[in-house]
Amino acid sequence: MGEAKTMVALIGNPVSNKGWGAVVGEQVFTMLAEAGQRHGFDVMDLTGTSFDDSLTAARENRALYDYLVVVGGDGMIALGANAVCGSGIPLGIVAVGSGNDFARGLKLPVNRVKTAVEGIVGAIACGTYLDVDMGRVRSTEIACMVHGESGEPVVDEEGRPVNGLIDRYYAGMLNCGLDASINDRANHSRLPGGSARYAAAVLVEIARMKQYGYHVKATLSDGTVEEHDIIAPMLTVANARYIGGGLEVSPYSLLDDGMLDLVWLNCKPNVGQCAKALSNAYNGRLLASQIFSWKRVRQVEITRAHEGDEPPVLMADGEYVGHLPVTVTAQAKALRVLVPPAVANWHDSRSEEHIMAAIERDGRDPVTGEFI
C-alpha cells in the first residue's frame with residue numbers, strides 16, 4: 001500500500017454575513033484543492049450548520065487530517081483553536097471576519113483571501129509555523145442555569161441557556177465587563193463593517209458604564225499570589241494584543257511567553273479620559289494611562305465581589321462563554337499556527353526585550369504592574 005496522502009480539512013462559516021461566508025468558503029476550498037494538486041495534498045470540507053456542529057466535526061475527524069484551515073473572523077479562529085489545541089495539528093487562518101484581531105496580532109493577511117491561502121500553502125510546503133499560547137477558561141465550580149430579572153433563563157445569541165460547566169480555549173481576550181458589553185452590542189449591530197459596529201458600540205456602552213464587582217486571585221509572573229476586590233467598569237484577561245478591529249487593549253502581550261495580561265479600568269473615567277484612552281488604544285500607549293491597571297499573570301481566579309454591579313456574560317474571541325466564577329490559565333505554546341516564512345521571521349525578531357522596553361517606557365514595574 002502507498003503512503004497516505006496529506007489531508008487538509010477546511011471549515012467555513014456559512015451563516016455569516018447573509019451567506020457571504022459560504023461563498024468565501026467555497027472559494028478557499030477551490031484554491032486549496034488546486035494547490036493540493038501541485039503540492040500533493042487533498043482537501044476535505046468539515047463545515048457544519050453551526051459553530052457547535054463544525055466544532056464537533058473537527059474534533060471527531062481529527063485523526064483524518066493533518067492540517068485544519070478556518071475561514072472567518074475571531075470566532076472561527078476560536079473554533080479551530082478549540083478543535084486542535086494541544087494536538088500539534090497546525091491551524092491555517094483565512095481572516096475575513098469583522099474583527100480579525102488574532103490574525104492581525106500574528107501579522108497574517110486580513111480580508112485578503114488569495115494572499116492568505118497562498119501563505120497557508122507556502123507554510124505547508126515549507127513547514128513553517130508558530131507555537132503560540134492560549135488562554136483556557138474553566139468554571140471554578142459547577143454553574144447553575146442563569147436567570148434574568150424576568151425569571152426566564154438567560155440565553156446566548158443562538159438561543160442556548162447560559163449554564164453548565166465552562167471549559168474552552170481562547171486565542172485573543174476574555175472580556176469580563178465593559179469590553180464584553182461592547183462586543184455583545186457590536187455583534188447585534190446592523191452597521192456595515194466590523195470597525196464601525198465596534199466604534200458605535202463603544203460610544204453607547206461608555207455612556208451607560210457600570211461599576212462591576214470582581215474578586216480576583218492572581219498568580220503573578222514571579223509565582224507570588226495576590227488577592228483583592230476590583231470594582232471596575234472593565235476587566236480583561238488577554239492573550240493577544242488587539243480587540244474590536246485594531247484597538248490595542250493589551251500592548252504588552254506576547255503570544256509565546258506563557259503568560260496572560262490582566263488589564264482593568266481602575267476608575268469610572270470622564271469624557272476626556274475616555275477620549276484619550278481611545279486615542280492611545282491605536283498607538284500602543286493605552287497602559288501608559290493612570291486609569292488603567294495591569295498585571296502579567298500565569299493564572300487568575302475571578303469570582304463575584306460583594307460590592308459592585310453584576311458582571312455581564314463573559315465573552316472570548318467574540319463568542320459567548322458564560323458567567324462567573326471562572327479560573328483562567330495560560331496554556332504555553334498550546335496552538336500551532338501555519339504562517340509563511342516571512343511572518344515566522346518577523347516573530348523571531350520580536351522578543352521579550354521589546355515588551356520590557358515598552359513597559360519601562362510607560363513607567364511600570366514589570367512584575368507588580370504598578371507605576372514606578
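Colleague: Which residues have the most contacts inside the largest nonpolar core?

Modeller: Keep in mind that this is a predicted model. The largest nonpolar core has 40 residues. Helix H3, residues 74–84, gives the largest share of this core, six residues. Those with the most contacts inside the core are Tyr-65, Leu-68, Ile-93, Phe-102 and Leu-106.

Colleague: Which residues is Leu-106 in contact with, leaving aside its neighbours within four places in sequence?

Modeller: Leu-106 is among the residues with the most contacts inside the largest core. With its neighbours within four places in sequence left aside, its contacts are Ile-93, Leu-130, Val-132, Leu-255, Val-337, Val-343 and His-347.

Colleague: How many residues are in the second, separate core?

Modeller: Ala-201, Ile-243, Val-249 and Cys-274 are included in that second core. Its count is 28 residues.

Colleague: How much space lies in the largest cavity?

Modeller: Searching the whole structure gives one cavity of 30 Å³ or more. The space in the largest cavity is about 290 Å³.

Colleague: Which residues of the lining lie nearest the centre of the largest cavity?

Modeller: The lining has 22 residues, and they divide into 19 nonpolar, two polar and one charged. Helix H6 (178–187), helix H7 (194–207) and helix H8 (271–280) each give two or more residues to the lining. Nearest the centre lie Leu-178, Ile-182, Met-234, Leu-278 and Phe-292.

Colleague: Which residues of H6 are buried?

Modeller: H6 is mostly covered, with seven of its 10 residues buried. One of the buried residues, Leu-178, is also one of those nearest the centre of the largest cavity. The buried residues of H6 are Leu-178, Asp-179, Ala-180, Ser-181, Ile-182, Asn-183 and Ala-186.

Colleague: How many disulfides does a search of the whole structure find?

Modeller: A disulfide needs two cysteine sulfur atoms within 2.5 Å. The sulfur of Cys-176 is too far for a bond, because the closest cysteine sulfur, in Cys-267, is 18 Å away. Cys-274 is in no disulfide either, with the sulfur of Cys-267 as its nearest at 8.8 Å. The number of disulfides found is zero.

Colleague: Is Cys-274 buried or exposed?

Modeller: The cut-off for buried is under 20% relative accessible area. Cys-176, at 0% relative accessibility, counts as buried. The value for Cys-274 is 12%, so Cys-274 counts as buried.

Colleague: Where does Pro-325 lie?

Modeller: Most peptide bonds are trans. The bond from Leu-324 to Pro-325 is cis, with omega near 5°. Pro-325 lies in the loop between strand S16 (319–322) and strand S17 (326–338).

Colleague: What is the phi of Lys-107?

Modeller: Most residues other than glycine have a negative phi. Lys-107 lies in the loop between helix H4 (101–106) and helix H5 (113–126), and at 42% relative accessibility Lys-107 counts as partly exposed. Phi of Lys-107 is positive, near 65°.

Colleague: Is Asp-317 buried or exposed?

Modeller: Asp-317 is not a glycine, yet its phi is positive at about 55°. The residue is found in the loop between strand S15 (314–316) and S16. Since its relative accessibility is 10%, Asp-317 counts as buried.

Conventions:
Residues numbered from 1 in each chain as written. Predicted model: local features only at pLDDT ≥ 70, side-chain atom pairs only at ≥ 80, totals over all residues. Heavy atoms only, no water. Core = buried A, V, L, I, M, F, W, Y, C linked by side-chain atoms within 4.5 Å. Buried < 20%, exposed > 50% of the residue type's maximum accessible area, 1.4 Å probe, protein only. Helix = DSSP H or I, 4+ residues; strand = E, 2+ residues; numbered from the N terminus. Contact = heavy atoms within 4.5 Å. 1 Å grid on protein atoms, 1.4 Å probe; cavity = no way out; pocket = protein on both sides within 12 Å on 5 of 7 lines; lining within 4 Å. Points joined across faces, edges and corners; volume = space filled by probe spheres on them. Nonpolar A, V, L, I, M, F, W, Y, C, P; charged D, E, K, R; others polar.
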